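Biologist: I'm new to this one, so could you pick a single spot, take a close look at it, and then walk me outward from there?

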Amino acid sequence: MKAIIIDDEPLARMMVKEYLQSYTHITVVEECNDGFEGLKAIQQHRPDLIFLDIQMPKINGFEMLELIDNPPPVIFTTAFEEYAIKAFDAHAADYLLKPFSKERFDKAMQKLQQQRVNVTQAIIDTALHSPAPNNRIVVKDNGKIKIIPVGQIQYLEAADDYVKIFAAEGIFLKKKTMQHFEDVLPPQEFIRIHRSYIINAQLITRIDQHEKDSHLVLLTTGARLPVSKAGYVKLKEILGI
Amino acid sequence: MVLQDFGMATSRSGADAFISNLLLAFACLLVFNNMRYYLPRREKYWYVLVISIALSSLWLLTMRVSLWGLYKEDVSYMRFMSQTSNIRYAIGFLMIGCSTMLSLLWYSQQDQQSENKRKLDMERLAREAELNKLRQQLQPHFLFNSLNSISALTGSQPEKARHMIQQLADFLRGTLKKEEQQWTTLEEEVQYLQLYLDIEKVRFGYRLQTNIDCEEAALQMRLPSMLLQPLVENAIKFGLYDTIGEVTIFISAKRVNDLLEVTVQNPFDESTSAAVKGTGFGLASIKRRLFLLFARYDLLQIKKEAQQFITIISIPQQHESNNN
């Protein structure tokens, strides 16, 4: 079995490696300092198990996992992240609170082996939805990681399995549903005006009548987007018109 | 009915009773409503007395005028009216007095209840703030991660582990001591910061470098305790979590006329730091503290230059009498 340890503190990685010595069938193929290295290593080695810290430079553990298709089983190691722990508990996943003992470590390993389904994806979804709406979105752009502050997002457009993110710096794709973004983005700033569109309310310049039951919204960027009947109700409510 | 015994027509006595009671009820209602908007705090009983006298007089007058209007040709009734004025007045006074008293009690109690609720809310808020402050001082993230580093060291490098325990103990002791004293010298504060930085260096290994440079003349200058630590904490947090690779934190201090000027500098990434809203909070509370101490808003400056985040804090040197 191949394992990867991702933690920004070298001693914390050493600890996990030491505990893993008694598991002869597990080899640590790489140790990573941050989510960027982690992402690369995961894509390269396709490990069977990841030990992952949550608070790390630039992007946190969840944001890194979000960029991986079919993430492998993960044992989270963390010092103090209340919202993360809620996410683990919600999916009955085990996690290690630093500092942890060898006995505790063994228990987590045992639990992971007994787990029939991989709950990593479910944990990511829960963790990224809480506690407060996110103030940034992490995407992959030509293999590179890009962090987009939500204020820079102009609008989102549904595109099959993906969502197109129109930001100040360009257009990015993310394999997520519109519903996901509706949940994650701050609800007062981003409005789902249509089945296929979410807009940044700050950028609205005009709302025009289009046909009998539909409107068009004009953004400061020049984009003209359709507003559905339900979307118009929401728009009116949030803008107070 | 009593009036009928006096040999009066049913319709007349009925009208009499109806009008007098209606007016009385109206007067009571007036008092009750009035209390809702104005509740006397002092000399309550005088207020009750005056209101009752005034209102019952008014009541009697209105009643007599309206009954006079209706039955002025009935001389015997009018005479009867004058005869019973005193007793009517007494009854009216008692009724109005009672209702004034009752409404006074009722609204006082309501007032008391909302006052109690407000007090409870305030106490709860104060408690929560206190708890938050304690949590902040404990720095759980720092503490647990440091303990984890020690745990990792005990196996392979027990000597280093022991050393780090010592540093952590000294640091925590310093935190407790700082609570009591308000002002300290820069020299002491820098020693304390050094402990903190040493622990962080063990945690982050080669990634974290520090450079402390204090002018000789500044070392004995004074500053409020626990003012620099959140600043350095902020610098480490954003230096380490906002960039990748090696991070050097610069801390320097110098004397500028009568001010102690401390500069803390850390690398940051301009393109993503806007996304981290937490940045402002630590600095906002430092700014607030400086304002409370010196009533000035210009003592904290922030500069962003070439991927470096620079915070400059100026501390006026106060007279000896203010130092404690």
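Modeller: Let's begin with B:Gln166, which counts as exposed because it has 11 C-beta neighbours inside 10 Å (12 or fewer other C-beta atoms within 10 Å means exposed, 20 or more means buried, anything in between is partly exposed, with C-beta atoms placed from the backbone). This is a predicted model, where local features need pLDDT of at least 70, side-chain atom pairs count only at pLDDT 80 or more, and totals for chains, interfaces and linings use all residues. Residues are numbered from 1 along each chain as its sequence is written, with chains lettered from A and ligands numbered from 1 in the order in which they are written.

B:Gln166 sits in helix 6 of chain B, residues 158-180 (a helix is a DSSP run of H or I, at least four residues, numbered from the N terminus). Go 29 residues along in sequence and there's B:Leu195, 9.9 Å from B:Gln166 in space, C-alpha to C-alpha.

The largest nonpolar core has 92 residues, and A:Ile165 and B:Val232 touch the most other members (a core joins buried Ala, Val, Leu, Ile, Met, Phe, Trp, Tyr and Cys through C-beta atoms within 7 Å). Helix 8 of chain B, residues 228-242, gives this core its largest share, eight residues. Leaving out residues up to four places away in sequence, B:Val232 touches B:Leu193, B:Tyr196, B:Ile251 and B:Val264 (contact means C-beta atoms, placed from the backbone, within 7 Å). There's also a second, separate core of 11 residues, with B:Leu24, B:Trp59, B:Met63 and B:Ile96 among them.

Technical notes. Helices (H or I, at least four residues) and strands (E, at least two) are DSSP runs, numbered from the N terminus. Two residues are in contact if their C-beta atoms, placed from the backbone, lie within 7 Å.
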